[in-house]
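Subject: Structure for your review

Dear colleague,

Please find below the structure that I am handing over to you. I would be grateful if you kept it open while you read the notes that follow.

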Amino acid sequence: MSLKNESVTILGAGIGGLTAAICLLQRGARVTIFDQAKKIEGFGAGIQLSPNGFGVMSSLGLASELIAKGNILEFINVQNFKDSTFSSRVNLMRVTHGNNNPHLVIHRSDFIHILIKKVLDLGAKINFGKKASHINYNNKEIEIFFSDQSKHIAKLLVGADGIHSIARKSIGYNKPPKFMGKVAWRTVIESKFVPLFDLPSEATIRFGPNRHMVTYPMQNGKLVNLVAVEKRNEWVAEGWNYSDKRESLEQSFKNWPVNVLKLLSVVEDVKLWGLFSHEIPAKWHSCGIVLIGDACHPMVPFLGQGANMAIEDAWVLGEELDNSVNFNDGLKKYQARRINRVKKVSRASLANGDIYHADGVKAKIIDIGLKASFKLKPSFIQSKYDWLYGVDVSRGD
Ligand SMILES: Cc1cc2nc3c(=O)[nH]c(=O)nc-3n(C[C@H](O)[C@H](O)[C@H](O)COP(=O)(O)OP(=O)(O)OC[C@H]3O[C@@H](n4cnc5c(N)ncnc54)[C@H](O)[C@@H]3O)c2cc1C
């Protein structure tokens, strides 16, 4: 079967939903998109588009726009928080991972706007301000009920509605996401307040007891993106993110070096996120409703892969639907192609969190081990994630 003129509905216009819309539209489908937000802006934070996600964007024809708005990373540094030497420093210009796609960092708002423009150029409409409250399959078609009392009928529904997905519940997965014992502050700082904190092409991960910090430049070095993560026993806020005070971020990192404290002292708006996840469902689709991205497999952000996995999902879903005998066959093939990779990435992300937050003797051993392999066998560190970054699902991997 071909997707030409097939009607597909997408719930959620985040990175996953918008990428799926482009993949399906380019294959000739008629796509309707709904999102609860009044408009999509992308909040103040950056995102790392790794070579595996970039490959899909490139195949969708978006490489030059992304490169124009983003920064291509040349180095990724890992640093012990109180040590100005590097535990490891990977020169990404010398690493291919099996493809030539770059590691790009970009402001989320710039990324989202590039995706939205492409969706609109391909002739689809995004229906904003439409919060789905309930989804029902009536043995014939899918009914989506919105909080404004309207209803939409779908033949195929892509649930790209994020970690608190309604679509996930509608396919029978009712377990709520659970708090993963870590919180993340996210903010963007104007570089003029902290000149040369990071070079325009370098990302740095600083790790220390029970916390770590990731910084990288955005918008040609005009901005510094900051993600600071701390271990916590519980999440007490009602929502899963809220505006926090700069002082609580400063308090958490008060033992860190002066250059970091100086960076924190110029933070203006900062948001605090509880990190949540749930087990990856055994079945990703039912009765023509299929899950992608965080709606299906939210993961801790310690490998920067949540959005990259959503992007890969979107491509594979489009390709399998287009090449299958019917929708159900396509959905089965989509899940079969994705589930093991997503599970592996999710486990690797959790493992990275343990490394970054190690304390005491364990932290010393990790630091010594990283420094030794960086010195004696840099190729080990450089190629450690080839299995992840070297895959480009849009060229059939
Ligand atoms: C601190 C932190 C840093 C991160 N850094 C990275 C990174 O560098 N690289 C990376 O790849 N990933 C990163 N991630 C993960 C990434 O942000 C997510 O995995 C990604 O945004 C998921 O995209 P999505 O489209 O699946 O879901 P979302 O971005 O959550 O989008 C869901 C959309 O659905 C809409 N929606 C939700 N419910 C409804 C409803 N009932 N009705 C209608 N619309 C609805 C929402 O408004 C939203 O627009 C990070 C996450 C965190 C917390």
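In which sense do β19 and strand β20 (residues 289-291) pair, and over how many bridges? The two strands pair in the antiparallel sense, over 2 bridges. Within this pairing, His 285 stands opposite Val 290 in β20. Please bear in mind throughout that this is a predicted model.

The pair belongs to an open sheet of 6 strands with mixed pairing, in the order β8-β2-β1-β12-β20-β19. The edges of this sheet are formed by β8 (125-127) and β19 (285-286), each of which pairs on one side only.

One of the residues involved is Val 78, whose bridge partner in β6 is Ser 88.

Next, a helix. Is helix α2 (residues 51-59) mostly covered or mostly uncovered? Helix α2 is mostly covered, with 7 of its 9 residues buried. The buried residues are Pro 51, Asn 52, Gly 53, Phe 54, Gly 55, Val 56 and Met 57. Just after α2 comes Gly 61, which takes a positive phi of about 85°.

Turning to the protein chain as a whole, it contains 12 helices and 20 strands. Its radius of gyration is 21 Å, close to the 21 Å that the globule rule gives for 397 residues, so the chain is as compact as a globular protein of that length. Along the principal axes, its C-alpha atoms fill a box of roughly 60 × 45 × 35 Å.

Buried residues make up 57% of the 397 residues. Among contacts with a separation of 6 or more, 73% are accounted for by residues 24 or more positions apart. As for the surface, the chain exposes about 17,500 Å², and carbon and sulfur atoms supply 52% of that area.

Finally, the charges. The protein chain has 51 positive and 37 negative side chains. The centres of these two sets lie 3 Å apart.

Yours sincerely,
A colleague

Key: Residues numbered from 1 in each chain as written. Predicted model: local features only at pLDDT ≥ 70, side-chain atom pairs only at ≥ 80, totals over all residues. Heavy atoms only, no water. Helix = DSSP H or I, 4+ residues; strand = E, 2+ residues; numbered from the N terminus. Rg over C-alpha atoms; globule rule 2.2 N^0.38 Å. Buried < 20%, exposed > 50% of the residue type's maximum accessible area, 1.4 Å probe, protein only. Contact = heavy atoms within 4.5 Å. Areas by Shrake-Rupley, 256 points an atom, 1.4 Å probe, with all protein chains shown as cover. Lys, Arg positive; Asp, Glu negative; His and termini not counted. Charge placed at Lys NZ, Arg CZ, Asp CG, Glu CD. Pairing = 2+ DSSP bridges.
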